[in-house]
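Have the viewer open as you read.

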Amino acid sequence: MNEQTALIVKKISDLPPLSASTLAIINMLSADHFHMKELVNLIQQDVSLSTLCLKTVNSAAFGLSKPVDTIQRAVTFLGSQKLTELALKTSVGKIVKVRLAGYGAMEMDLWEHSLKSAIAARLIGPNIDPNLNADLAYALALTHDIGKVVFSALLEVKVRELQKAQGQQTNFLAIESDLFQCNHAEVGAMLAREWNLPQVFIDVIAHHHTPSLCPAPHRSLALVVHLADLLAMLSGTGTGVDSLYYELDPLALDLIERDARWHEEEIWKLILNLNYEFNLVLQNEAMAS
Amino acid sequence: MNISTPLDLSVQKPQLVGMGDFQISRNTPLKSVSLGGCVSLIFVAPPIAGMANVVLPDSSLDRQKSTIIPGFFADSAVAKLHEGMLALAPEPQTWCIALVGGGQLAHPRFRLGEKIANAIIQQLKLFGLQPHKQDLGGNESKIAVVSPSSGEITVERPGGLLQIL
């Protein structure tokens with residue numbers, strides 16, 4: 001094992017594992033069908049998630065006239081998408097809310113980028129595949145850049161080489177691969193495997209910049225996350241030195257060339273809605289806290 | 001563009017201007033969020049400065065939103081910032097106008113920054129104005145900071161590189 005691989009493995013093993021309840025919720029959502037009673041039982045076993053669910057549903061943002069005091073009622077009001085967000089927030093949120101010095105990203109940048117990508121995935125998902133599992137697309141977009149938490153440490157030790165490479169080419173993924181023989185998407189997939197996330201997470205995280213290379217069953221989801229990621233960056237919510245330094249995958253190029261919903265003005269409308277919904281989520285988060 | 005030491009923000013804590021927001025300030029520095037493809041329009045006439053972080057080129061997409069968040073669109077942002085500046089610094093010939101941001105993705109369909117900057121320049125012309133300084137394009141997401149008291153405009157790039165415009 002070379003020094004660099006050893007560092008990646010160490011960084012991955014240093015990260016806290018996902019909570020059992022988060023993993024179970026993700027697995028249930030990925031399976032496309034679940035029983036509400038089972039979901040409520042899972043949440044009740046996780047004190048921090050239960051507290052967050054009740055706190056969120058009783059916040060001013062929900063505007064309920066009577067307080068909600070049971071998880072069962074809270075889950076009904078929250079809905080599966082918000083629940084996914086809260087479950088990931090209690091575990092992944094803690095991991096991604098860190099300064100990524102290698103990327104020049106501030107403490108909240110990766111979380112906000114992930115959140116905005118998730119909202120974008122929800123907005124564009126049905127246009128790309130009407131049968132798409134929206135909750136799953138949301139969760140995948142929320143976790144797509146998790147590899148950056150580990151990869152940032154590698155970038156930190158090659159700052160000069162990185163700056164030089166950025167002056168020469170415009171694809172950050174290729175720069176990472178040239179400098180380190182692996183990239184943040186591959187490292188993210190390693191992390192997803194380490195956390196025992198379902199195969200769809202491993203595939204989509206690995207291919208969020210290259211959806212055309214994603215295994216067929218998960219290709220649509222990888223395309224959604226790829227475009228959602230680009231929209232989040234374009235609308236100003238990136239993760240530092242790599243923002244906008246990515247290329248469109250051939251699958252995405254084909255889609256935007258042939259589909260009228262990707263004409264320039266339609267993209268502008270998407271960005272308008274995306275910013276509006278993102279600001280709303282941030283405001284609600286502020287109210288809930 | 002000169003490379004220089006940044007504003008001493010520990011002394012002058014800047015006010016953050018969000019995406020689609022606009023702000024006019026006397027003395028307090030204004031700092032944009034990370035701009036991506038968006039463009040920060042800056043007016044400065046010491047000790048007054050204004051900033052609007054424009055996200056889209058044209059408010060015809062949603063007239064109602066342009067009245068609620070005028071900074072979001074090039075046309076409404078220029079009109080609103082011009083009006084606000086006139087009230088506090090009534091001699092437009094003394095204003096310095098700058099454009100920062102407008103990062104691009106490789107595909108022409110995503111060259112939003114260029115479209116926003118062109119729309120802003122067209123709108124400025126309607127008021128007999130034009131930008132004096134600009135730092136636009138590239139693949140980086142920039143942050144703009146303006147000090148109303150000194151008139152200095154600083155551009156921050158990822159990794160902490162600071163340049164005075």
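In this predicted model, strand β6 of chain B runs parallel to strand β7 (residues 133–136) of chain B, the two being joined by four bridges. Strands here are DSSP E runs of at least two residues, helices are H or I runs of at least four, and both are numbered from the N terminus; two strands count as paired once DSSP finds at least two bridges between them. One of the contacts to look for is B:Leu99, whose bridge partner in β7(B) is B:Gln134.

Strand β4 (residues 39–45) of chain B is antiparallel to β6(B), with six bridges between them. B:Val39 sits opposite B:Gly101 of β6(B), and B:Phe43 has B:Ile97 as its bridge partner there.

Zooming out, chain B has an open, mixed sheet of five strands, ordered β2-β5-β4-β6-β7. β2 (22–26) and β7 of chain B are the edge strands, each with a single partner, so one side of each has no neighbour in the sheet. On average, neighbouring strands of this sheet are turned by 15° against each other, ignoring direction.

Next come the helices. Helix α2 (residues 74–88) of chain B lies across β2, β4 and β5 (48–54) of chain B, at about 170° to β5(B). Helix α3 (residues 112–126) of chain B lies across β4, β5, β6 and β7 of chain B, and runs at about 35° to β4(B). Those angles, from 0 to 180 degrees, are between N-to-C directions of axes fitted to C-alpha atoms, for helices over the stretch in contact.

How many residues of chain B are in contact with chain A? There are 27, against 25 residues of chain A, where contact means C-beta atoms, placed from the backbone, within 7 Å.

Residues count from 1 along each chain as its sequence is written, while chains are lettered from A and ligands numbered from 1 in the order written. Because the model is predicted, local features need pLDDT of at least 70 and side-chain atom pairs count only at 80 or more, but totals for chains, interfaces and linings use all residues.

Technical notes. Contact = placed C-beta atoms within 7 Å.
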